[in-house]
Amino acid sequence: MEEIIKQFPNLTENQILQFQKLEALYQDWNAKINVISRKDIDQLYTNHVLHSLAIAKIQSFESGSYILDVGTGGGFPGIPLAILFPETRFYLIDVIAKKIKVVQAVVDVLELKNVKAEQLRAENVKGDYDFIVSRAVTNMPDFVSWIKDKIKKQNKHKLNNGVLYLKGGDLTEELKGFPKATEYNIAEFFSDEFFETKKVVHLPLKFKS
């Protein structure tokens, strides 16, 4: 929690309270429905919350923008980003019903009015989004095939509309078909050794009518 407050010093009291509530919420739900690995739950703030917020170090989301979180699992990166950007609309989807059940419960307790959660495949999502975020749900070629027709036409951010993807390791092979992709090393923002090989990948995608 201390690192989150240090990295994002402009948080309101309500945002700090929402972040503080995450630990007990996930501990409680994880005992009933395993959405976070047992070894990871003790490192919730580093391995999940702060990791999710690395996207915000690359791009802040404007008020009124729309973000799709594909394969959100227990709500990452969507929930931490929704806390950080209360004026941005987040749509969190996953194919596994029990994970969406946990996400909805967390959203309800935190009273996040800017989040919609649904059990849905990415291919079946309707609408267009400024950015599509995710955390290593599959390889980039497959991911892009799911979401390539869901990008808004109008850009209103510093980065062009497209994908913001959390992934680790050497991505050379995976990204060789995407020359416009940019890798950002999370270790440049956060010092914990967990982030040494972790990256945010930005892949701009064109609107397809």
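Contact, throughout this tour, means heavy atoms within 4.5 Å. The model is predicted: local features need pLDDT of at least 70, side-chain atom pairs count only at pLDDT 80 or more, and totals for chains, interfaces and linings use all residues. Residues are numbered from 1 along each chain as its sequence is written, and side-chain values use heavy atoms, with hydrogens and water left out.

**First stop: Phe61**

Select Phe61. Leaving aside residues up to four places away in sequence, Phe61 touches Ile55, Ile67, Leu81, Phe85, Thr88, Phe90, Phe131, Val133, His157 and Leu164.

**Second stop: the nonpolar cores**

A nonpolar core is a set of buried Ala, Val, Leu, Ile, Met, Phe, Trp, Tyr and Cys residues joined through side-chain atoms within 4.5 Å; buried means under 20% relative accessible area (1.4 Å probe, protein chains only). The largest such core has 52 residues, of which Ile4, Leu22, Tyr26, Phe61 and Ile79 touch the most other members. Elements that each supply at least two residues of this core include α5 (78-84), β2 (89-94) and β5 (162-168). Helices (H or I, at least four residues) and strands (E, at least two) are DSSP runs, numbered from the N terminus. The largest share of the core, nine residues, comes from α4. Next, select Met140, Val144, Leu175 and Phe178, which are among the 22 residues of a second, separate core.

Display helix α2 (residues 13-32) with helix α4 (residues 44-58); they pack at an angle of about 130 degrees, with axes 11 Å apart. Axes are lines fitted to C-alpha atoms, for helices over the stretch in contact, and angles run from 0 to 180 degrees between N-to-C directions.

Now show α6 (97-110). The axes of α2 and α6 come within 10 Å and cross at roughly 145 degrees. Gln18, Lys21, Leu22, Leu25, Tyr26 and Trp29 of α2 make the contact with Lys101, Val102, Ala105, Val106, Val109 and Leu110 of α6.

**Last stop: Ala181**

Finally, select Ala181, in the loop between β5 and β6 (182-185). Not counting residues up to four places away in sequence, Ala181 touches Leu175, Val201, His202 and Leu203. Its C-alpha atom is separated by 23 Å from that of Leu92, 89 residues apart along the chain.

Note on methods: Buried < 20%, exposed > 50% of the residue type's maximum accessible area, 1.4 Å probe, protein only.
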